[in-house]
Amino acid sequence: MQNNNKPKLQLTNGYYLRFDQVSRILQFALKQMPCKSIPRSEFINALGMSLKQFENLSSICVGLGVTKPRTFVLTHLGKAIAEQDVFFDNLATLWLMHYVISSEPKWVVWNRVINRVISENEEISTEITQPYFEDLRELFSEQAMTKKLPKEVLSVLDAYSEQKFSQFHLLKKLSTGKYTRGEIEQIEPLPFFYCLLHYREKVYPHSTALVIQDIINAENSPGKVLYLEDYAVKNLLTILHDLSLIRIETVGDLEQIRFNDDTLKESVLKAIYKVRE
């Protein structure tokens with residue numbers, strides 16, 4: 001039986017994230033709605049892809065949170081992007097996908113590169129990343145750790161230095177395999193709110209409140225994954241409070257936020273893309 005809790009070493013299989021190819025996947029999947037499942041052969045034939053290319057792309061699309069595993073149909077996020085921003089011109093779209101993929105521990109390489117490697121080092125290379133994955137030797141073969149892991153790391157670094165995620169200015173490429181950390185762009189309040197809801201859904205499902213210090217510092221939290229200083233998180237929360245999207249409360253010594261009972265991520269997506277009912 002497959003262990004679904006086991007981290008996945010190869011999300012990209014060394015395939016670099018090409019947003020134009022993701023766009024093609026989204027556009028084709030949108031045309032198939034409301035199908036409950038789309039055979040991979042239909043993607044391959046319609047888009048002129050090889051089986052390996054599609055498997056790598058579909059794996060990345062699942063990681064980005066835009067398609068569902070195995071069925072290849074669009075998620076709510078994927079549908080919103082396919083309809084409103086299929087070429088990823090809106091920085092909010094990139095923020096949402098960045099947070100979804102980077103905050104998921106299962107995608108262990110992407111997750112640790114963003115949560116730990118880049119945040120803890122001014123200069124980054126594949127050599128610097130190695131100690132962050134030593135514990136995985138108990139789970140994966142020597143070949144996977146020495147040959148596949150470096151390729152996976154480079155795929156993540158390329159996404160933030162050469163592809164659309166470079167718009168965050170998180171990484172700057174110095175030379176082949178060598179990078180330096182930059183000053184990341186500030187996320188806007190509504191995309192940040194979506195990330196808050198996603199974090200709650202994954203870590204504290206059904207909870208109506210979150211401790212602000214957890215939002216700032218906890219592993220995979222919006223503050224951590226979005227590289228936000230304490231003051232920036234509190235400023236964003238204050239804006240959301242003023243918009244009546246959350247309430248900021250003090251309970252004993254703890255500052256926390258409380259969500260409205262009826263808040264859905266789908267409604268936040270409509271607000272981000274200004275979709276009229």
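The paragraphs below take these topics in turn.

The structure is a predicted model, so the confidence values come before the details. The chain has a mean pLDDT of 94, and 98% of its residues reach 70 or more. Confidence is highest in helix α5, residues 91-102, with a mean of 98. The lowest value belongs to helix α7, residues 126-129, where the mean is 92.

Strand β2 (residues 171-175) pairs with strand β3 (residues 178-181) in the antiparallel sense, over 4 bridges. Within this pairing, Lys173 stands opposite Tyr179 in β3. The hairpin of β2 and β3 has 2 residues between the strands, and Gly177 takes a positive phi near 80° there.

Further along, strand β6 (residues 254-259) takes part in two pairings. One is with strand β4 (residues 209-211), antiparallel and over 3 bridges. The other is with strand β5 (residues 246-251), also antiparallel, and here 6 bridges join the strands. The hairpin of β5 and β6 has 2 residues between the strands, and in it Gly252 takes a positive phi near 65°.

Next come the aromatic side chains. The structure holds 13 aromatic pairs. One of them is formed by Phe43 and Phe72, with ring centres 6.1 Å apart; the planes stand at 80°, so this pair is edge-to-face. Planes over 60 degrees apart count as edge-to-face. The pair links distant parts of the chain, since Phe43 sits in helix α2 (residues 40-47) and Phe72 in the loop between α3 and α4, 29 residues apart. Are these two residues buried or exposed? Phe43 is buried, with a relative accessible area of 0%. Phe72 also counts as buried, at 9% relative accessibility, because the limit for buried is under 20%. Elsewhere, one aromatic cluster is formed by Phe19, Phe88, Trp95, Trp110, Tyr160, Phe165 and Phe168.

The last topic is the open space. The largest pocket holds about 730 Å³ of space. It is lined by 32 residues, and those closest to its centre are Tyr194, His198, Glu201, Lys202 and Lys265. The elements that give two or more residues to this lining are α3 (51-64), α4 (76-84), α9 (189-203) and α13 (265-272). Which of these elements gives the most to the lining? The answer is α9, with 6 residues. By residue type, the lining of the largest pocket divides into 11 nonpolar, 12 polar and 9 charged residues.

Gln84 lies in helix α4. At 38% relative accessibility, Gln84 counts as partly exposed, because that class lies between buried, under 20%, and exposed, over 50%. Gln84 and Ala271 are 187 residues apart in sequence, yet their C-alpha atoms are 12 Å apart in space.

How values were computed: Residues numbered from 1 in each chain as written. Heavy atoms only, no water. 1 Å grid on protein atoms, 1.4 Å probe; cavity = no way out; pocket = protein on both sides within 12 Å on 5 of 7 lines; lining within 4 Å. Points joined across faces, edges and corners; volume = space filled by probe spheres on them. Nonpolar A, V, L, I, M, F, W, Y, C, P; charged D, E, K, R; others polar. Pairing = 2+ DSSP bridges. pLDDT = per-residue confidence, 0-100. Phe/Tyr/Trp six-rings, centres within 6.5 Å; stacked < 30°, edge-to-face > 60°. Buried < 20%, exposed > 50% of the residue type's maximum accessible area, 1.4 Å probe, protein only.
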